[in-house]
Structure formats: C-alpha cells, structure tokens
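Keep the model open beside you as you read.

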Amino acid sequence: MAKKPSTAADVSRGKGDELHQTAGAGHPPLTTNQGVVISDNQNSLTVGARGPTLLEDFVLREKIMHFDHERIPERIVHARGSAAHGFFEVYKSLSKFTKADFLQRPGEKTKVFARFSTVAGGAGSGDTPRDVRGFAVKFYTNEGNFDLVGNNIPVFFIQDAIKFPDLIHSVKMEPDRGFPQAASAHDTFWDFISLMPESIHMATWAMSDRAIPRSVRFMEGFGIHTFRLVDAKGKSTFCKFHWRPKQGMQSLIWNESVKIYGADFDYHRRDLWEAIERGDYPEWELGLQLFSEEEANDFDFDVLDPTKIIPEEVVPLTMVGRLVLDRNPDNFFAETEQVAYCPANIVPGIDFSDDPLLQGRLFSYLDTQLKRLGSPNFHEIPINQPICPMQNFQRDGHMRQTVNKGRVNYEPNSLGADGPRECPQRGFTTYAAPERDGKTRIRPESFADHYSQARQFYRSQTETEQGHIASAFTFELSKVETPAIRQRVVSHLVHVDPALARQVADGLNITVPKPADTAVEPIDLPPSPPLSIIAKAPKSISGRTVACLVTDDADAGTVAALRKAVEAEGGVLMVIAQKVGGPHDAKGKLAASPSVLFDAVALVVTEAGADALAKDPDARDFVADAWRHLKVIGHAAGAAPLLEAAGISPGEDEGVVPLGKDGVTPFIDAAKSLRVWAREKRLAG
Ligand code: HDE
C-alpha cells in the first residue's frame, strides 16, 4: 500500500520533535517560526562582546520583523471592543416564520462569539465615554455564519449609507488638531447633527443614559433595521431583533463615568472578563418584533427608515431564545481583534429589507475587512471560520491556509467527480420582493418626519432621565465653540419638547431660538414606557459589586455577614482598606479603589478608624462620591466622623443605612435599588 504523503503540519510535529530537546522543567523549547530551536533569547549576535550586531542573526531579524508588523489597522469605527464566546439557545420552533435551521428545534444550542464596542474612540481609548455601543453576535450555525451586527440604541443617526463617512468624520477627532478623542462634545459633530434633522431622534437617545452604560452586561441590543424572515414555503415576515439583558439595564451617572475614565480605563472590558471568569455568565433574551408587509404599510412611519422604532405597544416582542456568554477569548488579537462581522452574513430563512442604510452596510463590511485583515482569505482565520462544511472554487490570495487538492478549480467541470455543486433546493435564495420603481437618488417622503419619535422617546422617560438628557445636551453644546451651531441644535430641540429646549438654552445662557424649519409637522405619539431605563430597572444586586471599606480594628463579624448576604444575592463583595491584605484580607487599596467602581458601599469602621479615615482625602472622596453618585451607603455606628467629613449625616436619606441591630439586611434591601434617585433633586439644591 502506498504511503500517505505527509502534510506540512505532520512534518513539523513529527520527527523534528525528537531533536527538540525540552528546555528543562517540562518546558518545550523556544523556536524560530521555522522550528529551529533557539539557544539564546537574551543576546543578539555581535562581533565580540562590545562589537556591532551581525546581519546574519536570523533569530533577531525574524523576531523584530514580526514585532514590527504586530499591529493591523484598527477598525475605522467600533475600534475599541471586548468579546466573549457562548451559545444561543432557541426556546421554541420558529418554523412558522423562518426555515433557518438553527431556529427549528426547541433547546438547540448554536455557538456564538459576541463583541461589544464603543464607536468613536480608537482601539486604545477608554470604555466609558458617552457613546453608542456596538453589539455584534456571530452565530456559527450549521448552515453557515449568521452575523447580527447591532447597537445598543434601536435607531441610527442617518437614513442613507451615503452619509456614513460624513457622520463618522464629524464625530471622530477633528482633523487639524487631533482631538477630542472618543468624544462627541465638539463643534464638528454638532455642526453635522444640526444640519441633519434626521439625526435628532438618535441624538436624543445618545444624550440619554443609554450612552453611558454601567457595563456591556447591562445594556440592550438591537438589530435596528427591518429584516425579513422567510419560511419553507417562501412566505416573508418582517422582523426587528432585540436583545434584552437578564441582568437588567443599568447606566452610569455622567460625573461617575468621567471619574471611572481615570480610575479604570478598562472598566467595561474588565467587568465582562471578570463576570465570566467567576461563572456569572451574562445572558440576554432575543426578542423579535414580527409583522407583515400589510401591517407595515399601516404604520405612520416607514419601516425601512432606520431612524424609527416600532414601539412595543404597536408590535410586542416575542421572546424566542437566549444568548449566554460563558467563555472568555483565549487570545485577544486572534479572536476579538480578528473577528470580522458582516451584516451580509445571513443564512437561508433570513433576508434583508430595502432599508438604504442596511443596503450600504452590505458592501462596507466585506470591503473594510480586506483593508484591516489584509487578505481575501480572512474567512480562514479560526474565529471567522464557519463550523459547517465549506467548499468552493475560490483559490489563492495572500496567506492562503487551505491546501486545495486536485486539478479542478472551476465550475462547471467534468473532471472533479466529487467536487462541490450548486444546490437549488438547500441553497440560499433571495426573497423575490417586487421592485417597483426606476433608478433614482431621492429620499422617500415617508422618511420625512424627523421629530415625532424623538418627542415620544423624550416623553417616555422619567423626570430624572429627562433631566439627564437636558444636562447631556447642555454639557456637549457648552463644549461647542461656534454659537450658530448651538443655536441650530436648540432650534431642533424645540420640536422635540419645548421644555427641553428651554432647559438647554438656559444652561447655555442663550434665548430659545425659533424652531427649525420642518418638512412635516411633528405629532404627539403616546409615551412608550419600555423606552425608559429607570421604569424597568431591576431591583437586584445580582452581578453587581459592593465595596466594604474597613479599618484594621473593624468588626470581622459584620464584614463576614455582609459577604454572606451580598453573595446570597448573587453579588460580589470587595473589601477595601488603606493597605491591601491586613486582618480583613483587603483586596483593594483605598487610593486605587474609588467608590465610582462599585454599585454600593458599606463603611465598616470603628469610631477611632473613622476619625483616622476622616483625615485621608481618598477616604473622604470615597464617601462623598458615593453620596454624589446616588449610591446606597451602609455604615457601622462608628462611621459618623467619616460621613460627616464627607458632608453627610447618618440617616440623612433613605440611602444612608445603619449596619446596626437589624444586621445587614436593611442595607442589602436598599442597595437593590442601585441608586437613590430622589437624592439627585436634593443635590441639585
Ligand atoms: Fe457599522 N461598520 N456601519 N454600523 N458596525 C463597522 O466594520 C458601516 C452601522 C456596527 O465588533 C465596520 O468590521 C456603514 C449601523 C458594529 O467588529 C465598517 C454604516 C450599525 C460594528 C462599518 C454602518 C452598525 C460595526 C468597521 C452605514 C448598527 C463593529 C470595522 C451604512 C445596526 C463590529 C468593521 C465588530 C463596524 C460600516 C452603520 C454596527 C466600516 C457603512 C446602523 C457593532 O464596515
């Protein structure tokens, strides 16, 4: 029998291994990329000990060459991101709506890789600026990869893909000065927004607390565009995708997010990583809004317009499955950086709509991967490979990994008897939507109402959230230097809500300008409570972190009781002291663990300890920030001097809770509210 020829991989792992003596203590030998064992990884090859370095040092040259090319171009948008592996489990068969195979059998799990990102900042920017967040999920189905590449806000700034480069140019750092990084609070962004009334709806969302999430675990996700589901008979149903976090939604307070930017640049990345490491797997439910073309025709907005939502009161969500993230990446670059999402990656049973923003995206993502990953073979990178069989006659190109065998690399052919062939029954067929009109460059009339849904969003918020939107507009516009831009933005806000416009104008010390011209008069739509974060806030500390500030002489029993109670609720307790270690095994050093990093704080200190801490500015900031950021503060009886040093009296409001005769339960119960919103009004004076 003829011997099977060895592959390149066989050879490298074969005989050579015997020659590669291990480097001692069980370590395999260090080698070059050609497999040559390296004898010295500390010194270059030189002429004598103090002489010049030799060009023939292939070990040095290979290592430096590889290092020089370690960076690839970062994503032009969504450059900063964090990701995790997991699975999607479908609850019930969706065969009534789609033939997509992974949605047919209840309980079936499909592997996924999800990446969350900011939009504007570079790859090295921080996690907490005010920004939209990307929410991209790659489903490795047995019919190919399906990518749902969405955001945490259900609408977008623009209606047509042709405006995307303009939008992104305007929000990124200004081209002459190279700042600000990762911030929309500057002239070019607001100049663009003020001249694009279609962006006002999304701008109102971006100024809401949705744009400063507490972590990616606590945000919703949306596919934004209308898609189609197509069943086995070819019937199409329109569909919008929603992700709902099981952890509940939670956002930061603006001042807190500013401080976290300094205290922990990687706040969201760390949070996702640590939650998965400790087995607290984040989970989202997938909800679908399903509706027919006839229903769509009856809505008072166009479902192809990506600046519009469909309120849940109009089309409720059907929950169809869950996404669980249960494994961190093994290698950030190989997986998180090299993953290539693409809205054009769909599987039979899912199809596009004519949303002009979606249509433009179908071109962009494939194109950008060529630049970013440098080769048309990026589908061969493990994180991008489908798990189902994949074969065609595409060949060659930069860094081709597959060793295709045989002489047939074309189709039709008669020489490759077992080669792949097209498959009319199983293959992807595009839904045959009737195309109606001639070629044109025109914005449909049905896309013309830019304000009614912005008003609906604003009026669906609690008073607290409305206040945050007004403050965010005021903050951002105060950073704008050109008065005419401020005026123009406020002239749009008059249509959103006159009171909002008044508040922002007052904050900017200008008079309310006359309303912007409109193509269509906005109308009053009924408020939609699910658009508010606070209205559907969870009452839970599950997945949250409680800080316990101690001094060495603190009561160990109280610390233990706190730990037990927090953990029983699914939370994490972090002990903090002026020095790490010590009698309470503190994991956080006070100066490096400001209260902005935690969801609630407990001051377990004696009176003498509190007296000492009251003299420490870090301790005073710790308490004062917790107070300012509306956190629940639990305190032992002895903590009074520390509270007072931070300007708070024990029992000052319902969020300052004694850890006393009733034990720790009242504190835990109060902490479940996550914020004492009523305090915000009192703080405003
Ligand atoms: Fe993207 N977008 N986008 N986008 N987008 C990219 O693709 C683009 C849009 C979104 O974690 C790029 O691989 C155009 C809407 C996410 O890797 C690029 C338009 C939504 C991610 C691109 C849009 C998104 C991207 C850059 C207007 C929400 C990160 C790198 C027509 C539904 C995916 C890359 C990840 C990334 C183009 C608008 C979401 C340049 C042209 C709307 C979550 O191809």
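This is a predicted model: local features need pLDDT of at least 70, side-chain atom pairs count only at pLDDT 80 or more; totals for chains, interfaces and linings use all residues.

Start with the largest cavity, whose volume is about 150 Å³. Its lining includes Asp209, Met249, Ile533, Arg675 and Trp677. Sorted by class, the lining residues of the largest cavity are seven nonpolar, three polar and two charged. Where does the largest cavity lie? Domain 1 (46-384) and domain 3 (539-683) both contribute residues to its lining, so the largest cavity lies between them.

Now move to the second largest cavity, which holds about 90 Å³ of space. It is lined by 15 residues, and those closest to its centre are Phe222, His242, Arg244, Glu312 and Leu531. Eight residues of this lining are nonpolar, three are polar and four are charged. Because domain 1 (46-384) and domain 2 (452-535) both give residues to the lining, the second largest cavity lies between these two domains.

Next comes the sheet. It is an open sheet of six strands in the order E13-E12-E11-E14-E15-E16, and the pairing is parallel. Strand E13 (588-589) and strand E16 (656-658) are the edge strands, each pairing on one side only. Three bridges join E16 to strand E15 (residues 633-635), and histidine 635 stands opposite proline 658 in E16.

Helix H16 (residues 556-568) packs on this sheet, touching E11, E12 and E14. The direction of H16 makes about 150° with that of E12. Finally, find helix H18 (residues 617-628), which lies across E11, E12, E14, E15 and E16 and runs at about 140° to E14.

Terms used: Residues are numbered from 1 along each chain as its sequence is written. Side-chain values use heavy atoms; hydrogens and water are left out. On a 1 Å grid over the protein atoms alone, a cavity is a set of points where a 1.4 Å probe fits but cannot get out, and a pocket is an open set with protein on both sides within 12 Å along at least five of seven lines; lining residues have an atom within 4 Å of a point. Grid points are joined across faces, edges and corners, and a volume is the space filled by probe spheres set on the points. Ala, Val, Leu, Ile, Met, Phe, Trp, Tyr, Cys and Pro count as nonpolar, Asp, Glu, Lys and Arg as charged, and the others, Gly among them, as polar. Domain bounds come from an automatic or database domain assignment. Two strands pair if DSSP finds at least two bridges between them. Helices (H or I, at least four residues) and strands (E, at least two) are DSSP runs, numbered from the N terminus. Contact means heavy atoms within 4.5 Å. Axes are lines fitted to C-alpha atoms, for helices over the stretch in contact, and angles run from 0 to 180 degrees between N-to-C directions.
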